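Here's a quick briefing on a few packing spots worth a look in the viewer. Grab the structure and follow along.

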Amino acid sequence: MPARDLTLHVLGHTYLSRAAKPVPVSAKGAALLAYLTLERRPFHREHLAELLWQSGDALRNLRVELNRLRHLLPDLIPERQPMLELTLPSDLDQWTERAASIHPDEVGEWLSLGTGVPLSGLEDLGSPDLRAWVDGQRWRITQVVETQLSSAHARLQRAGQHDAADLIAARAEQLGWGLRAAPTSGPDLSFTGPDLHRPLLGALRAARGCPQVALLSGRSAQARREVISGLAQGQWQSLHVACPPDPDLLLAALLHQLGSLLPDSAERLELLRAPHATRHNVVRLWSLLPPLNQPLIVVLNDVVDPALILPHVHVALNLPVDLLLVLCPAHDAALRDTHAALSGTDQSRVHALHLPPLGTTEIMDALASRQHAWPEERRYAYAARVAMDSDGWEPLARSLLADHADLGSSRPALLHEARDLLLRDLGWLPDALRDAMARLAVAHAPIEPAVAAALLDDAPGLLAHAEHLKLLRPCDPVETVHLPHLHYRPSDRNETLCFASEPLRVALAATLSRAERQQVRERLARASTDARLAAHYARLSGLDAAPVATGAGITLAGAAAPLSDPAPPTPSGPRQECRTGSGYRVILEGGSLQVLRHGLFGRPATLRLPWGPVPPGPWQLTARIDALRAGPDLGPQASFALGWQVGGSSVLLGTTPTLDVPPGTRAAYYVAPQGRWVTVRGDGPGGPAELQVQAMDVAVTVTHLRAGSALLLQPGRD
């Protein structure tokens with residue numbers, strides 16, 4: 001039976017139908033189909049079995065259920081595959097498609113189909129993880145429904161169909177939903193904030209009467225445009241030029257951009273007819289500016305070869321005008337080369353500026369106009385998950401917000417538009433290096449020299465080249481960021497490397513065919529010295545693998561109670577950020593500490609955040625965990641959102657009732673409700689103190705941290 005003939009119903013009671021008639025699928029079968037369809041990615045049988053059955057024979061139960069489905073729906077689920085993947089058409093998709101062109105006479109029926117409780121009937125099935133997933137999906141689907149109701153309501157109102165619009169408003173009121181303006185998607189969403197403007201303000205002030213050059217990195221070209229436009233505010237004229245790879249084309253591009261400001265003159269027209277980038281013509285071009293009598297910002301985007309722009313810099317810096325020349329390198333290697341090329345320029349007039357990655361506060365501000373009905377705590381939780389899953393990369397954050405992803409217990413797939421943009425930005429890479437990076441990207445562990453040698457012919461040279469270009473970065477199994485100054489330095493003795501970002505790794509791995517990925521996994525299974533990793537790769541490649549031993553369960557000390565007092569204020573103030581080699585982002589903002597990570601899909605590294613010695617006495621910390629995800633089953637691994645050690649005592653916070661750890665681990669373990677502020681207290685002997693985080697994906701915020709008489713963190717304290 002072709003999948004296109006089927007419909008999975010998730011708006012209300014969960015069931016499967018064909019030609020509007022129910023297909024007799026069991027509740028567990030419906031749950032399995034819903035999970036695979038809504039997650040939109042493959043899963044191991046072991047994961048699905050543990051999700052749906054809490055028993056020792058979970059895998060056998062899954063096999064029985066799969067046999068039933070195959071008998072009922074031939075060819076729907078292939079046999080003998082370790083990974084299961086299936087996406088069925090759903091009534092949510094059909095309902096959403098109708099929203100854009102719903103006829104007023106159809107509104108009543110449309111509302112009856114789309115405003116039930118999503119995924120009904122799956123509440124009491126399976127494990128706590130499945131129940132948490134159902135809750136997260138209900139919230140996500142509800143957001144989609146609310147958005148479509150708001151959009152249809154606004155469209156019908158504009159068309160004068162007030163009766164139909166009133167039906168939608170009445171149903172929304174009955175359900176306790178607030179209709180809002182339909183959210184815009186993509187580029188219309190703007191992320192702004194004081195931390196973006198601050199780096200450029202000093203350069204702009206210095207450019208009054210004395211031209212300056214700013215070497216600007218970080219964020220996207222669109223973000224840089226928004227920041228510069230916000231700074232100009234009518235007082236400065238700004239021009240943006242995409243830097244071409246040819247000096248003559250660059251001269252022509254600058255002439256055309258300046259044409260909107262300059263009057264037609266014989267000299268300008270002569271240059272346009274023959275834009276040869278000789279030294280004489282470069283001088284003639286910039287000599288057209290002084291008569292403008294208007295402060296000017298000229299932005300050269302995507303600079304690859306600094307030799308092209310140096311003649312322009314040298315001339316522009318000697319003009320008697322108010323001018324800021326902003327150079328935006330295309331990638332990290334170009335940034336380093338451009339910085340070196342400017343070393344002979346007066347350094348008092350060269351400003352190396354970096355726009356920080358996208359943070360929770362900026363996403364919250366962007367959400368305020370779109371989700372104004374949400375309470376602040378809910379916006380913070382959602383913004384933290386977007387900041388985590390986007391890895392601070394703005395185009396991916398836009399895609400996640402436009403896709404209305406729930407960003408809950410399961411990692412969202414890398415959306416096509418974000419993946420294509422990542423790969424497009426790597427178009428300058430040599431083919432051999434790009435192919436090597438794609439093969440390395442299949443690994444679910446940091447890249448060691450021996451493993452790279454098993455996958456690549458010239459591993460040392462390729463690894464050195466990738467590290468030079470900052471596609472790969474040194475990382476350690478235990479990384480240390482010293483607080484409060486955010487000092488971090490990877491070990492010089494460690495030769496292990498990680499990809500610069502997890503979305504980059506996923507995008508590169510996707511460029512290989514399925515057969516190529518399987519071949520790489522088979523090599524990884526043979527080359528890995530870690531038995532758990534070898535078994536993991538073997539399972540992924542369809543080879544037989546020995547079972548992996550599980551860890552010892554850590555003792556549950558209790559549940560961390562939510563705050564009864566008002567929640568701490570949202571962090572605000574100057575932001576400092578440090579990024580480790582394995583992808584932990586450590587952020588200090590407004591007296592609060594936040595740790596975000598969208599990490600390698602495997603065993604997590606440990607992040608240590610030492611403060612140094614603290615006095616003895618009572619300690620207290622207030623924290624919230626907005627996301628915590630573990631990697632694939634690689635054996636014993638303690639995945640926790642937050643640890644706190646003072647002297648010999650240790651406390652761990654997580655979100656699951658149990659925590660598997662290697663034998664010998666001793667710590668009090670507390671379960672914190674996700675998305676809620678909690679306070680944990682204790683008494684310590686004093687001495688060295690540190691926070692710890694160990695998770696594949698995590699978004700955790702700490703505030704009100706006190707040990708004895710030492711106040712380490714307090715909201716509102718910069």
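In this predicted model, helix H10 meets helix H13 through Pro247, Leu250, Leu251 and Leu254 on the H10 side and Leu308, Ile309 and His312 on the H13 side. Sort those contact residues by type and you get 6 nonpolar, 1 polar and no charged. The rest of the briefing starts with the geometry of that pair and then moves on to other spots.

**H10 against H13**

- H10 covers residues 247-258, and its axis comes within 10 Å of the H13 axis, with a crossing of roughly 45 degrees.
- At roughly 45 degrees, the two are neither roughly parallel nor roughly perpendicular, given that the cut-offs are under 35 degrees for the one and 65 to 115 for the other; H10 and H13 are therefore oblique to each other.
- As for handedness, H10 passes H13 in a right-handed crossing.

**Val315, also in H13**

- H13 runs over residues 306-316, and Val315 is part of that helix.
- Is Val315 buried or exposed? Its relative accessible area is 18%, so Val315 counts as buried, the cut-off being under 20%.
- Leaving aside residues up to four places away in sequence, Val315 touches Val282, Val283 and Trp286.
- Take Trp286 from that set: 29 residues separate it from Val315 along the chain, while the two C-alpha atoms are 7.0 Å apart.

**H4 against H5**

- Helix H4 (residues 91-99) packs on helix H5 (residues 107-114) at an angle of about 150 degrees, and the axes are 11 Å apart.
- That angle is over the 145 cut-off, so H4 and H5 come out as roughly antiparallel.
- Their crossing is left-handed.
- On the H4 side you'll find Trp95, Arg98 and Ala99, which meet Glu109, Trp110, Leu113 and Gly114 of H5.
- By type, the residues of this contact split into 4 nonpolar, 1 polar and 2 charged.

**The Trp95 and Trp110 ring pair**

- How many aromatic pairs does the structure hold? There are 2, and one of them is formed by Trp95 and Trp110.
- The ring centres of Trp95 and Trp110 are 4.4 Å apart and the planes sit at 5 degrees, so this pair is stacked.
- Trp95 belongs to H4 and Trp110 to H5, so the pair ties together parts that are 15 residues apart in sequence.
- Both partners are buried: Trp95 has a relative accessibility of 3%, and Trp110 has a relative accessible area of 0%.

**Gly583 in its loop**

- Gly583 sits in the loop that links strand S17 (575-579) with strand S18 (584-589).
- With a relative accessible area of 6%, Gly583 is buried.
- Beyond residues up to four places away in sequence, Gly583 touches Leu596 and Arg597.
- Ser501 is 82 residues from Gly583 in sequence, yet C-alpha to C-alpha the separation is 6.7 Å.

**The whole chain**

- The chain contains 24 helices and 29 strands.
- Of its 718 residues, 54% are buried.
- If you count contacts with a separation of 6 or more, 73% of them are between residues 24 or more positions apart.

Notes. Residues are numbered from 1 along each chain as its sequence is written. This is a predicted model: local features need pLDDT of at least 70, side-chain atom pairs count only at pLDDT 80 or more; totals for chains, interfaces and linings use all residues. Side-chain values use heavy atoms; hydrogens and water are left out. Axes are lines fitted to C-alpha atoms, for helices over the stretch in contact, and angles run from 0 to 180 degrees between N-to-C directions. Helices (H or I, at least four residues) and strands (E, at least two) are DSSP runs, numbered from the N terminus. A crossing is left-handed if the near helix is turned anticlockwise from the far one by less than a right angle, and right-handed if clockwise. Contact means heavy atoms within 4.5 Å. Ala, Val, Leu, Ile, Met, Phe, Trp, Tyr, Cys and Pro count as nonpolar, Asp, Glu, Lys and Arg as charged, and the others, Gly among them, as polar. Rings of Phe, Tyr and Trp (its six-membered ring) pair if their centres lie within 6.5 Å; planes under 30 degrees apart count as stacked, over 60 as edge-to-face and the rest as tilted. Buried means under 20% relative accessible area, exposed over 50%, partly exposed in between (1.4 Å probe, protein chains only).
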